[in-house]
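Me: I am new to this structure. Please pick one residue, look at it closely, and then show me what surrounds the rest of the fold.

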Amino acid sequence: LALAAPLAAGFRGGAAPSRASASRRAATCAAVSPGVAATEASAPRFLSAETARRVRDDFGTPCFVYDAKLLTEQAKQALAFDAAYGLTVRFAMKACPNRAVLELFRKLGVCIDASSGHEVSRAMTAGFKPQQISLSSQEMPNNIGELVKMGVEVNCCSLAQIEKIGSAAPGSKVGVRINPGIGSGGTGKTNVGGPESSFGIWHEQMPQVKELLAKHQLTATRVHTHIGSGSDPAVWQRVASLTLDLARQLGPTVTSVNLGGGYKVGRMPGEVSTDLATVGAPVRAAFEAFAKETGRELALEIEPGTFLVANAGCLLSSVQDFTSTKTAGGLGHEFVKLDAGMTEVLRPSLYGAQHPISIVPGHPDHASGAVRGFIVTGHCCESGDLFTCGPGEPEVLLERPLHAPQIGDLCVIDGSGAYCAGMATKNYNSFPEAAEVMLGLDGMPHLVRKRQTLEQVLQNELPLPAAAVAH
């Protein structure tokens, strides 16, 4: 099967990306791929055929399924990160904010990295104390003074945020998020460091940072950096050194350094994941060297999101239709249409991200079909609703080797634990939000989020008064 060659034309009917455009894209992205193309049919990572059918029968599809055992294993790996002088692991809850996931991590000793005031409230609802929550936000909540006084550890991510916090809670202890000038990400959209990123205060503005801290009598106790979704130990070593230098510049009030997250996870077969020991060794060495030089033993904070949840979750969907554009001359494709799409998993349409896709017979008596190439699409009336795009190329179709399905078979989209349920085009085409299920340590599936109803989709809409539409 010649499955590795993408369609010559874009998904919307335009020309395929030129070499020049690809070069421009590569110039703004790190070398890490958003995923490698599949070369053979895959099997579900953790969901057995029997359990998949049971979840469908009990809760319907589409449905996200998380595995408590895998979540626990990943959390324990992160908590074992070899920090020199103390470690705090904070779950980047934007990756998967379901309450059951948050509660599981809380019981294991994981703290929270929140990206909005709403996430802070959501974490506290799941049982986290304010002191266990760190907030780094592009939009500072209006109640920031109250949150600081409650004990939430707030990182100032812009000069204006220092002013706002200083006005609302003068004399407080704060963190400062700095853009160190470099980044590492799978695509330009996942790179959150360097001159192309708006995240954090540009490192050359340190004099202004000091002036504003002094103006409002704020004490900087943390330095925060985050470079993006990468796994290059050399990059992490450099960022650790740069961040420690920032801690040196801010002075002895700084007692902890937060290096963010972005630990690369290999979703696809054969794709490499970050080795925490490999990444951690140079980071530890940098902290020890800093302590030897300055006498300051700084604690370390990390903020894994994808690392903790990506491969511990999947999307379970049903095959609901087919179409074929195959011609006698060998052009065209066979399309598999699911009852899910960008309304659940947006990453392929947004990043050209690759997810393992497996077909599970809908009935135990049905045999698996022969393997051949298919294009898998979603249920939205949107040409970009595509699961099988080219790596890093959302508009390019790339056939995926699958066991030929029948209508009613199940389709498992693995690697969907991170940035899927929490980051999707919910309610597009008025599709209700999917249910979420947790496979407990007891091996049983438990509903942890009900499927949204159409009534809930519509409940906040209000009719115009008659006078507003009268002619």
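Reply:
**A strand residue, then the fold**

Val371 sits in strand E14 (residues 371–377). Helices here are DSSP runs of H or I with at least four residues, strands are runs of E with at least two, and both are numbered from the N terminus. The model is predicted, so local features need pLDDT of at least 70 and side-chain atom pairs pLDDT 80 or more, while totals for chains, interfaces and linings use all residues. Residues are numbered from 1 along each chain as its sequence is written, and side-chain values use heavy atoms, with hydrogens and water left out.

Is Val371 buried, partly exposed or exposed? Val371 is partly exposed, at a relative accessible area of 37%. Buried means under 20% relative accessible area, exposed means over 50%, and partly exposed lies in between (1.4 Å probe, protein chains only). Arg400 is 29 residues away in sequence, with 9.6 Å between the two C-alpha atoms.

Now step back to the chain. It has 471 residues, and 52% of them count as buried. It holds 14 helices and 20 strands. Contact means heavy atoms within 4.5 Å. Take the contacts between residues at least 6 apart in sequence: 72% of them join residues at least 24 apart. The accessible surface comes to about 20,500 Å², and 53% of it belongs to carbon and sulfur atoms. Those areas come from the Shrake-Rupley method with a 1.4 Å probe, and for residues only the protein chains shown count as cover.

Next, the interior. In soluble globular proteins, nonpolar side chains tend to be buried together. A nonpolar core is a set of buried Ala, Val, Leu, Ile, Met, Phe, Trp, Tyr and Cys residues joined through side-chain atoms within 4.5 Å. The largest such core has 97 residues, and Phe91, Phe105 and Val309 have the most contacts inside it. Helix H9 (residues 233–250) gives the most to this core: eight residues. A second, separate core has 14 residues, among them Cys63, Val65, Cys314 and Val412.

What does Phe105 touch? Leaving out residues up to four places away in sequence, the list is Leu71, Ala75, Phe91, Val110, Leu308 and Val309.

The axes of helix H3 (residues 68–79) and helix H4 (residues 99–108) come within 10 Å and cross at roughly 40 degrees. Axes are lines fitted to C-alpha atoms, for helices over the stretch in contact, and angles run from 0 to 180 degrees between N-to-C directions. H3 and H4 are therefore oblique to each other. Angles under 35 degrees count as roughly parallel, over 145 as roughly antiparallel, 65 to 115 as roughly perpendicular and the rest as oblique. From H3, the contact uses Ala68, Leu71, Thr72, Ala75, Lys76 and Leu79; from H4, it uses Val101, Leu104, Phe105 and Leu108.

H9 has packing partners too. H9 and helix H10 (residues 276–294) meet at an angle of about 25 degrees, with their axes 8 Å apart. H9 is therefore roughly parallel to H10. Among the residues in contact are Trp236, Ala240 and Leu244 of H9 and Val283, Phe287 and Phe290 of H10. H8 packs against H9 at about 45 degrees, with the axes 11 Å apart. This pair is therefore oblique. Met206, Val209, Lys210 and Leu213 of H8 meet Leu246, Gln249 and Leu250 of H9.

Glu303 lies between strand E10 (299–302) and helix H11 (306–309). Glu303 is buried, at 6% relative accessible area. Gly262 is 41 residues from Glu303 in sequence but 7.8 Å away in space, C-alpha to C-alpha. Glu303 touches several residues beyond four places away in sequence, including Arg90, Asp113 and His224.

Finally, the backbone. Most residues other than glycine have a negative phi, and most peptide bonds are trans. Gln217 is not a glycine, yet has a positive phi of about 55 degrees. Gln217 lies in the loop between helix H8 (206–215) and strand E8 (219–224), and is exposed at 61% relative accessible area. Ser430, also not a glycine, has a positive phi of about 65 degrees. Ser430 is in the loop between strand E18 (410–414) and strand E19 (435–439), and is partly exposed at 43%. A cis peptide bond joins Thr61 and Pro62, with omega about 0 degrees. Pro62 is in the loop between helix H2 (49–59) and strand E1 (63–67).
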